[in-house]
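Good morning, everyone. Please take a look at the chain on the screen.

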Amino acid sequence: MTSTPAPFTASDYQARMERAARAAADAGLAGVLVAPGPDLVWLTGYAPTAITERLTLLVLAAGQDPVLVVPTLEAPDAEKAAGAPALTLRDWTDGKDPYAATAPLLDAAGRFGVSDNAWAMHLLGLQGRLPGTSYVSLTEALPMLRAVKDAAELERLAAAGAAADDTYEKILDVPFAGRRESDVAGDLADLLRQFGHSQVDFTVVGSGPNGANPHHEAGERVIEHGDMVVLDFGGLKHGYGSDTSRTVHVGEPDAEEQRVHDVVREAQEAAFLAVRPGIACQDVDRVARAHITEAGYGDRFIHRTGHGIGVTTHEPPYMVEGEERPLVPGMCFSVEPGVYLPGRFGVRIEDIVTVTEDGGRRFNNTRRELAVVH
């Protein structure tokens with residue numbers, strides 16, 4: 001039984017808010033505006049019990065104390081957040097103008113980075129009060145804000161990865177043939193929760209021709225003997241994500257199925273071995289793609305090689321052509337090449353990887369060989 005990691009402290013959240021304010025200033029922004037969602041949780045530990053039309057907004061700017069604007073009726077909950085001691089709460093009551101309460105906190109001519117979860121009505125409300133302001137999404141302006149994880153975050157990601165591994169080992173023992181994809185998906189969700197996940201984000205079960213669709217939703221198709229089955233599942237444990245894929249076969253595979261699986265497995269291994277500080281994100285994609293192309297399946301590898309992971313299961317950085325940003329220690333992302341043969345089957349193998357000082361470390365360590373299920 002793994003232990004529960006120590007909770008993040010007000011000092012941890014203070015450091016994150018200061019980092020965000022500095023990063024904004026370095027990017028030429030007047031500050032950062034954060035609505036309820038993953039960024040607010042990461043910066044303050046606060047997640048409103050319900051996200052409504054009432055304005056909740058964290059305002060960060062270099063040289064200015066952090067302020068969280070909240071509806072009065074939600075202020076007691078906000079005060080309980082772990083990061084609350086590191087910020088000032090400013091509440092507003094129903095019937096009052098929340099933008100009037102927020103506007104004095106902003107540079108009237110500033111350009112602000114805004115979390116992607118912000119509502120258009122709120123940005124337009126602020127702009128109505130401060131017509132000289134302008135806004136850019138945080139994903140565009142500060143894509144690497146959450147990308148480099150500290151030791152406590154890496155501990156949580158490792159625990160989530162281990163729980164996903166335990167889930168995979170157990171799913172190999174359940175019957176596949178004669179059951180619906182949705183039945184196996186339900187087993188995966190139950191196991192993720194059994195191994196400590198508080199949230200299940202996806203349980204892809206793509207059998208036979210459905211496996212050729214990388215994001216196939218588990219459906220009512222009955223899995224048959226002779227099917228290749230793509231399994232891709234994950235969610236959140238201790239607030240941090242898991243995401244792993246393995247491809248299994250119901251009964252013994254034929255020669256082509258085994259060959260395609262071997263090609264993907266070798267491409268995944270080569271891409272993992274390429275991970276090290278200083279190389280560009282796109283180089284990880286290029287290594288995997290080159291191996292699959294050389295094997296004759298280049299046009300059937302139809303997605304990027306990886307995505308970042310943290311408090312969400314998809315976030316920057318992305319291992320994709322055109323992303324020239326260099327890898328640095330603490331970045332965490334998936335390495336998940338695949339080959340998809342329409343109308344026949346698909347293969348994907350995925351591990352979460354973190355960059356170390358001299359290479360990479362996997363958070364998923366189950367067998368990557370083609371497993372036979374029944």
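Which exposed residues does the face of helix 1 turned away from its buried side carry? Ser-11 and Asp-26. Exposed means over 50% relative accessible area, buried under 20%, and partly exposed in between, with a 1.4 Å probe and protein chains only.

A word on the source. This is a predicted model: local features need pLDDT of at least 70, side-chain atom pairs count only at pLDDT 80 or more, and totals for chains, interfaces and linings use all residues. Residues are numbered from 1 along each chain as its sequence is written, and side-chain values use heavy atoms, leaving out hydrogens and water.

Back to helix 1. It covers residues 10-26, 17 residues in total. Helices here are DSSP runs of H or I with at least four residues, and strands are E runs of at least two, numbered from the N terminus.

Now the buried side. Tyr-13, Arg-16, Met-17, Ala-20, Ala-21 and Ala-24 are the buried residues of helix 1. They sit on the same side because they cover an arc of only 135° around the axis, taken from the directions from the helix axis to the C-beta atoms. The general rule: an α-helix has 3.6 residues a turn, so residues three or four places apart point the same way.

What covers them? Among the elements are strand 1 (31-34), helix 2 (38-44) and helix 7 (151-171). Just after helix 1, Gly-28 has a positive phi of about 80°.

Finally, the whole chain. It has 10 helices and 18 strands. Buried residues make up 55% of its 374 residues. Its C-alpha atoms fill a box of roughly 70 × 40 × 40 Å, along the principal axes.

Definitions and conventions: The expected span of a helix is 1.5 Å times one less than its number of residues. Contact means heavy atoms within 4.5 Å.
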